[in-house]
Each structure stands twice: as structure tokens, then as C-alpha cells.
Amino acid sequence: MSTDSLHVQIPKAEVLKFCEACMQSAGANKDHGRQLSEVLFAADYRGHFSHGLNRLPMYVRDIQAKITEKDGEPQILKESAGTAWVDGKNLLGPVVGNFCMDLAIKKAKDAGIGWVVAKGSNHYGIAGWYSLRALDQGLMGISMTNTSPLSAPTRSKEAVLGTNPMSFSAPGKDGDSFVLDMATTTVALGKIEMQKRKNEKMPLGWGQGADGVSSEDPRDVTDRGGCLQPLGGPEITGGYKGYGLSALVEIFCGILGGAHYGPNVRKWMSTQQEADLGQMFAAINPACFCDGFEDRLSDFMGMLRGLDPAEADKPVLVAGDPERQHMAKVDKDGGITYHKNLITSMNELAAELKVTPMKLL
Ligand SMILES: NC(=O)c1ccc[n+]([C@@H]2O[C@H](COP(=O)([O-])OP(=O)(O)OC[C@H]3O[C@@H](n4cnc5c(N)ncnc54)[C@H](O)[C@@H]3O)[C@@H](O)[C@H]2O)c1
């Protein structure tokens with residue numbers, strides 16, 4: 001594929017290598033840096049550019065500021081056959097997330113279900129990474145995390161809830177799957193940052209100004225005291241349902257886990273205070289229920305995908321299809337297509353950390 005003047009392509013291996021080198025230069029334990037890099041790479045490969053390289057500087061700053069621990073292991077505080085409560089020991093989010101999901105998977109294999117809740121964690125990247133880990137083992141996976149307050153409950157001017165993402169993955173047959181991975185705000189903050197980087201407007205329902213009114217200017221959210229709106233946007237278009245889902249995530253994460261919650265979670269991008277995020281991870285073995293789950297799920301997804309589309313060139317999709325299409329395109333192109341502005345800021349980071357910048361395709 002040829003790129004336009006605004007985009008460049010980077011081979012997949014370069015992205016992974018660059019993230020690992022930056023984290024190591026910042027002082028992270030090699031294995032922890034690799035675990036983080038895999039999640040960031042997966043985000044870009046799957047087409048969620050808000051949570052890939054775009055987020056790398058944040059993790060670098062957290063390690064440099066010694067506000068995230070660079071070494072150690074999460075600790076199980078309480079455990080039953082199907083549950084565990086874990087202290088993430090303030091390690092990088094993916095280190096805590098992988099530990100917790102692997103524990104949930106083990107429990108699901110033994111007891112049919114594993115439900116693990118962590119406190120003391122950090123930003124863990126795309127929620128889908130963890131539900132996909134269960135999917136890899138033929139299990140259904142669920143993961144959620146609370147995040148720094150960025151979103152206003154319906155009717156409020158004040159941001160007291162995070163973008164609180166949730167993910168659910170389930171196996172179909174022959175490698176097919178349902179993979180829902182979504183923020184409970186209309187969009188993740190990173191998407192608004194990307195609009196700002198591109199100098200483009202944001203659609204109504206993504207965010208509001210400091211006055212609590214929906215806005216189309218990304219800077220109202222990023223620079224002028226506004227915030228995100230819950231999934232659905234303002235009250236008239238059902239934003240209160242996104243608000244409810246975000247509160248549900250908070251209850252399963254910060255409140256169940258005894259971590260910070262709501263407005264107590266540190267300010268977004270602050271390196272003054274530990275994040276102490278709450279996160280939950282569940283694995284469920286479908287074989288514990290009616291036989292033939294994978295066949296029925298594939299039948300259901302086939303029915304959905306086969307629906308007559310409203311626009312002929314836009315077939316009906318199921319959750320996970322856009323990411324599958326994106327990965328297929330990356331593989332065909334031989335690399336990930338990035339906006340030049342993002343790569344310019346990565347080259348600045350490379351210079352600051354004295355690591356080799358990424359080579360273009
Ligand atoms: N760790 C954090 O703090 C944090 C916070 C917010 C978001 N995130 C991550 O950011 C990423 C992006 O979140 P998002 O809400 O912007 O995602 P999104 O809106 O792009 O996609 C959400 C879901 O909808 C599905 N989807 C998209 N178009 C579809 C269609 N036409 N038909 C059917 N399904 C469709 C996708 O497969 C995906 O599962 C996610 O990976 C999320 O986990 C992380």
C-alpha cells in the first residue's frame with residue numbers, strides 16, 4: 001500500500017522493539033517492559049491507536065518519576081477456588097493484568113470460573129488484551145479497569161468517573177470469536193487527543209466544555225477544562241446508560257478491590273501520586289454449560305453478519321471484526337500505518353531516551 005503525505009508505515013517488529021527499548025531506558029525491569037510493549041503493540045496492530053505508541057510517554061514518565069514500581073511481583077491477598085483478591089504492588093498495569101488473568105484462567109480450568117480483582121494497579125492498556133488471553137485458552141474472558149476521572153455523570157459539569165473500559169471475549173468455532181472491547185465513554189480520551197493532533201473536529205457526544213455543554217472542539221476537552229461524555233453523549237441520546245455502565249465498572253474494580261475509586265483516583269497524567277487502580281479479570285469455561293457453545297455462537301454471529309446492510313458497502317459486523325480487518329490490512333501492508341505527527345513525537349522521545357528511532361517501511 002502507498003501512504004499519503006500525512007502517514008508513514010512501520011514494520012510490526014520495529015514498534016515492539018522501540019517500546020521495549022524506551023521502557024528499558026526509562027528504567028523498567030526488562031520483562032515488565034516487554035509485557036507493557038506487547039500490550040501497546042497489540043493496541044496499534046488492532047487499530048486502537050489511542051492506546052498504543054500514543055500512550056508510551058505516559059508509562060515512561062511514570063517509571064522515570066518512580067511513581068510506578070519498576071520491579072517486583074503482584075501478591076495474592078485472599079483466595080478461594082474461584083476467586084482471588086490481588087495487590088498489584090503498584091507495578092505496571094500489564095504486569096498486574098497478566099498475573100491476574102492467568103490466575104483467573106487457572107481457576108476457570110479447575111473450577112469452571114475464575115474471578116480476580118486487583119487493587120494497587122496502574123494503567124493497563126487495552127482491556128481486550130486480557131479477555132483475549134482467556135480466549136486463547138478456549139475460555140470466555142472479561143476484564144475491566146477504573147481510570148482517572150475524565151467523564152461527567154449525566155447532568156454534571158464535573159468529571160468524576162474514568163473512561164472505565166470493559167472487554168468481553170468468547171470463542172466461536174474454527175478460530176472465530178466475539179471480542180467486545182470498549183470504553184464506557186463515547187470514546188477514549190486518546191481518540192480526542194488524536195483529533196487534536198490531526199487538527200480535526202470531534203463529533204457531538206464525544207465531549208463537553210467546562211460549561212457542561214456538548215462541544216465539537218477537541219481542545220475544549222484537552223485544554224479548556226471540559227471533559228468526556230459517557231457512552232451515548234448527552235441525556236437526550238441515552239448517555240445515562242453509559243454513565244450506569246461506567247459506575248458498574250467502578251463497583252467491580254475500585255470498590256470491590258479496595259482501590260481508589262471515582263474522583264479519588266489520581267488526576268489524569270499526574271505523576272504526583274500512585275494510581276492505585278482497581279481492575280477485574282474473569283475467565284469462564286463455556287463447557288460447564290450447554291454443549292456446543294462455540295457452534296451456537298458462530299451460528300449467531302453468522303446470522304448477524306449476514307443481515308441486509310443499510311448501506312451496501314458497509315456489511316453488518318460483530319464486535320472484534322473491525323480489529324480483525326485492521327490486523328489483516330497491517331499484515332498485507334507489511335507494517336502499521338501511523339500519522340506522521342505521532343512518529344515525530346516518538347522520534348523526540350527516542351532522542352530524549354537515547355534509543356534508536358523506529359525505521360520506516
Ligand atoms: N486502560 C484504559 O484506561 C482505557 C480506557 C479507555 C479505553 N481503553 C481502550 O481503548 C480502546 C478503544 O476503545 P473504544 O471504546 O474507543 O473502542 P471502539 O469504539 O473503537 O470499539 C468498541 C467495540 O466496538 C466494536 N465495533 C466497532 N465498530 C463496530 C461495528 N460497526 N459493529 C459492531 N461492532 C463494532 C469493536 O470491535 C470494539 O469491540 C479499547 O481497546 C479500550 O479497552 C483503555
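## Terms and model

Helices (H or I, at least four residues) and strands (E, at least two) are DSSP runs, numbered from the N terminus. Two strands pair if DSSP finds at least two bridges between them.

This is a predicted model, in which local features need pLDDT of at least 70, side-chain atom pairs count only at pLDDT 80 or more, and totals for chains, interfaces and linings use all residues. Residues are numbered from 1 along each chain as its sequence is written.

## A hairpin

Strand 6 (residues 166-171) and strand 7 (residues 177-182) run antiparallel, joined by six bridges. Ser169 has Val179 in strand 7 as its bridge partner. The two strands form a hairpin with five residues between them. In the turn, Asp174 has a positive phi of about 55 degrees.

## Nonpolar cores

A nonpolar core is a set of buried Ala, Val, Leu, Ile, Met, Phe, Trp, Tyr and Cys residues joined through C-beta atoms within 7 Å. Buried means that 20 or more other C-beta atoms, placed from the backbone, lie within 10 Å of the residue's own.

The largest core has 77 residues. Met23, Cys100, Ala104 and Val116 have the most contacts inside it. Helix 4 (residues 93-111) supplies the largest share, nine residues. A second, separate core has 13 residues, including Ala183, Leu189, Cys227 and Leu228.

Technical notes. A residue is buried if 20 or more other C-beta atoms lie within 10 Å of its own, exposed if 12 or fewer, and partly exposed in between; C-beta atoms are placed from the backbone.
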